[in-house]
Amino acid sequence: MHYYRYSNPEISCWYKYLLFSYNIIFWLAGVAFLAAGLWAWSEKGVLSDLTKVTRLHGFDPVVLVLVVGGVMFVLGFAGCVGALRENICLLKFFCGAIVLIFTLELAAAVLAFLFQDWVRDRFKEFFENNIKSYRDDIDLQNLIDSLQKINHCCGAQGPDDWDLNIYFNCSTESKSREKCGVPFSCCVPDPAQKVVNTQCGYDIRAQKKNQWDNLIFTKGCIPALEAWLPRNIYIVAGAFIAISLLQIFGIFLARSLISDIEVVKAGHLF
């Protein structure tokens with residue numbers, strides 16, 4: 001008589017340690033984001049006075065860094081511990097969160113494509129609100145300066161949008177030295193100039209508009225971004241696909257490991 005030995009179900013080490021490696025990267029990245037955000041807030045004195053966050057009427061980029069870092073930290077931690085401890089609850093939490101994020105990203109991309117005018121109006125409103133708060137926060141200031149320098153643009157729709165800021169406003173009541181000017185990031189760079197001239201935008205808008213072209217960027221940042229997107233659509237699409245594939249891979253690993261654990265647990269019951 002022959003006896004057949006059936007192998008007991010086992011949890012795949014490949015799924016387990018691939019998922020752990022996948023999440024340790026996210027967890028470390030989350031730690032780095034949180035550390036950078038907290039350091040930026042400590043430099044601005046926010047940690048000693050949290051009410052400073054609510055005083056800023058514009059967008060504080062550090063908040064975005066902290067939110068992204070917090071989400072990555074929590075998901076990375078849940079994935080790492082869930083994989084090592086073979087904890088189904090943590091794995092399901094990780095998998096469900098990634099599915100939710102992926103769905104929100106896909107929905108946002110579809111809605112942005114279908115309602116382009118609405119998105120453009122909201123971005124214009126967002127940019128104008130941040131122009132008003134340009135001098136209130138150094139991180140916001142650096143963000144706007146970087147955006148204007150990279151895209152060779154000035155203001156939301158043009159340089160006159162800087163009238164929204166009390167320091168650059170052209171009104172007769174203004175006593176600011178920057179009155180009727182623009183930030184230095186609006187200036188056309190001089191190749192021969194090695195040191196950045198932060199006063200290059202002073203009094204520019206007090207001159208005739210036909211003289212602006214040689215001194216500052218006259219295109220608004222919204223038209224500049226709208227022109228940039230079609231030229232770089234393959235880069236944007238490639239980045240979106242790469243991020244989506246990473247998320248799908250994480251979902252696949254988590255679901256596969258959950259299935260293995262459930263099979264092993266079911267096998268122990270008999």
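Which residue forms a salt bridge with arginine 120, the closest N and O atoms being 2.2 Å apart? In this predicted model, the partner is glutamate 226. Arginine 120 belongs to helix H5 and glutamate 226 to helix H7, so the pair ties together parts that are 106 residues apart in sequence. Arginine 120 is partly exposed, with a relative accessible area of 29%, and glutamate 226 is also partly exposed, at 35%.

**Salt bridges**

Side chains of opposite charge can pair when their charged atoms come close. The model contains 11 salt bridges, and three of them are set out below.

| Pair | Closest N and O atoms |
|---|---|
| Aspartate 117 and arginine 120 | 2.6 Å |
| Arginine 120 and glutamate 226 | 2.2 Å |
| Lysine 124 and glutamate 128 | 2.7 Å |

Aspartate 117 and arginine 120 both lie in helix H5, three residues apart, which is about one turn of the helix. Aspartate 117 is exposed, because its relative accessibility is 53% and the cut-off for this class is over 50%.

Lysine 124 and glutamate 128 are four residues apart in helix H5, so about one helical turn separates them. Lysine 124 is partly exposed, at 27% relative accessible area, whereas glutamate 128 is buried, at 18%. Elsewhere, a network of salt bridges links Asp160, Asp163, Arg205 and Lys209.

**Nonpolar cores**

The largest nonpolar core has 20 residues. Those with the most contacts inside this core are Phe127, Ile144, Cys154, Trp162, Val182 and Ile216. Helices H5, H6 and H7 each supply at least two residues of the core, and H7 gives the most, with three residues.

Cysteine 154 illustrates how parts of the chain meet here. Apart from its neighbours within four places in sequence, cysteine 154 is in contact with residues including Trp162, Val182, Cys186, Phe217 and Cys221. A second, separate core of 18 residues includes Ile88, Ala97, Leu253 and Ala254.

Glutamate 178 is placed in the loop between helix H6 (138–151) and helix H7 (221–231). Glutamate 178 is buried, because its relative accessible area of 12% falls under the 20% cut-off. Leaving out residues up to four places away in sequence, glutamate 178 touches Arg135, Tyr167, Phe168 and Tyr202.

**The nonpolar surface patch and the annotated spans**

Leucine 114 is found in helix H4 and is exposed, with a relative accessible area of 56%.

An unreviewed UniProt entry carries the annotation "transmembrane region" for residues 20–41, 62–84, 90–115 and 233–254. In the model, residues 90–115 are 96% helix and 0% strand, and their end C-alpha atoms lie 37 Å apart. Residues 233–254 are 100% helix and 0% strand, with end C-alpha atoms 32 Å apart.

Glycine 96 lies in helix H4 and is partly exposed, at 38% relative accessibility. Glycine 96 and arginine 255 are separated by 159 residues in sequence, while their C-alpha atoms are 9.9 Å apart in space.

Key:
Residues are numbered from 1 along each chain as its sequence is written. This is a predicted model: local features need pLDDT of at least 70, side-chain atom pairs count only at pLDDT 80 or more; totals for chains, interfaces and linings use all residues. Side-chain values use heavy atoms; hydrogens and water are left out. Buried means under 20% relative accessible area, exposed over 50%, partly exposed in between (1.4 Å probe, protein chains only). Contact means heavy atoms within 4.5 Å. A nonpolar core is a set of buried Ala, Val, Leu, Ile, Met, Phe, Trp, Tyr and Cys residues joined through side-chain atoms within 4.5 Å. UniProt positions are given in the numbering used here, feature names are shortened, and annotations may be inferred rather than shown by experiment. A salt bridge is a side-chain nitrogen of Lys or Arg within 4 Å of a carboxyl oxygen of Asp or Glu.
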